[in-house]
Amino acid sequence: KSARDYVIRCIVDKDKSMVPAIIEAISDEAGAIPPAVMCLAFEVKLDDMVHHPLLSLLNAFSIYINPYKQLELVSKAYDVFRQSLGLLVVPGKANLSIPFKEKGCKQFEDEAWYRALVFPKEMNESQDSLIVTVQVKATAKKKMHCKSLCTGVNMTGCYFHPSAANHPLIDRAFVAVHPNGGNCLVLAQDKVNATTFSKAVTDLNEAAALLAAKTGIRDVLVVVNVIGASDKTKSQDQLNFPYILVRSIEVDDFYSI
């Protein structure tokens, strides 16, 4: 029970959690607990090892294709694990930013609203595509070009992790719920580095606008993982929606267990 409570506090607390003496004896210098102890703490049984959210999260660290794909799989498993515990969408120490806030814009809810978002009680993984790219024939005014369109798939109660390797604009998506009513689209891109960050921002803005228009859900929260980026990035300033930026300096704050 102590190990379970400590892991949950690491995720939800706004400040770094104190390591209890009983945990300190089995943890490393960073306060991390051995996977075997975590499995005991969260009662992972032999008959549910394949499907237990914690084991899926731990296994995601060993599935290596490339660093971007591995982060995508770990991020998905981290969401599913937190959903299974009934935790908030935004980890306590995550750095949440509201665009245009300094200009007095009232377009978005306040930070507290987004921090109160919860995962849906029922959340089944879907590998369906939410967005597709189609070619638009040339006209007298415009050359042939590509255009992104929503597929119209129902997003309710689903965690979208499209299987299409070339799925446009986003890597993951789901609809979060606010305790006082209302929903929020949560869109994520994981396969981003400092070089592709600017394009990722453009893609996320487009995806958010498309899906908000299609679903009628006005509120959007964007999560963008930028591998290896320093704290000097500026592309995030062009995001049109509230966002959580996860660069090298924010990894420990977002992914804390």
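In which sense do β8 and strand β9 (residues 243-246) pair, and over how many bridges? The pairing is parallel, over 4 bridges. The points below take up this strand and its surroundings.

1. Basis of the note. This is a predicted model, in which local features need pLDDT of at least 70 and side-chain atom pairs count only at pLDDT 80 or more, while totals for chains, interfaces and linings use all residues. Residues are numbered from 1 along each chain as its sequence is written, and side-chain values use heavy atoms, with hydrogens and water left out.

2. Helices (H or I, at least four residues) and strands (E, at least two) are DSSP runs, numbered from the N terminus. Buried denotes under 20% relative accessible area, exposed over 50%, and partly exposed the range in between, for a 1.4 Å probe and protein chains only.

3. Neighbours of β8. Two strands are taken to pair if DSSP finds at least two bridges between them. Strand β7 (residues 183-193) runs parallel to β8 and is joined to it by 7 bridges. Within this pair, Gln189 is opposite Val224 of β8. Towards β9, Val224 stands opposite Leu245.

4. Between β7 and β8 the chain passes through helix α7 (residues 197-215), giving a right-handed β-α-β crossover. Right-handed here means that, with the strands pointing away from the viewer, the path from the first strand over the helix to the second runs clockwise.

5. Strand β6. Of the 6 residues of β6 (residues 172-177), 5 are buried. Strand β5 (residues 158-160) is antiparallel to β6, with 2 bridges joining them, and Tyr159 stands opposite Phe174 in β6. The pairing of β6 with β7 is likewise antiparallel, over 6 bridges; here Phe174 faces Val186 in β7. These two strands, β6 and β7, form a hairpin with 5 residues between them, and Gly181 in the turn has a positive phi of about 105°.

6. Helix α1. The buried residues of α1 (residues 2-12) are Ala3, Tyr6, Val7, Ile8, Cys10 and Ile11. Their cover includes α2 (21-24), α3 (35-41) and α5 (67-84), where contact means heavy atoms within 4.5 Å.

7. Gln70. This residue lies in helix α5. Gln70 has a relative accessible area of 18% and is therefore buried. Leaving aside neighbours within four places in sequence, Gln70 is in contact with Ala60, Phe61, Ser62, Ile63 and Tyr64.
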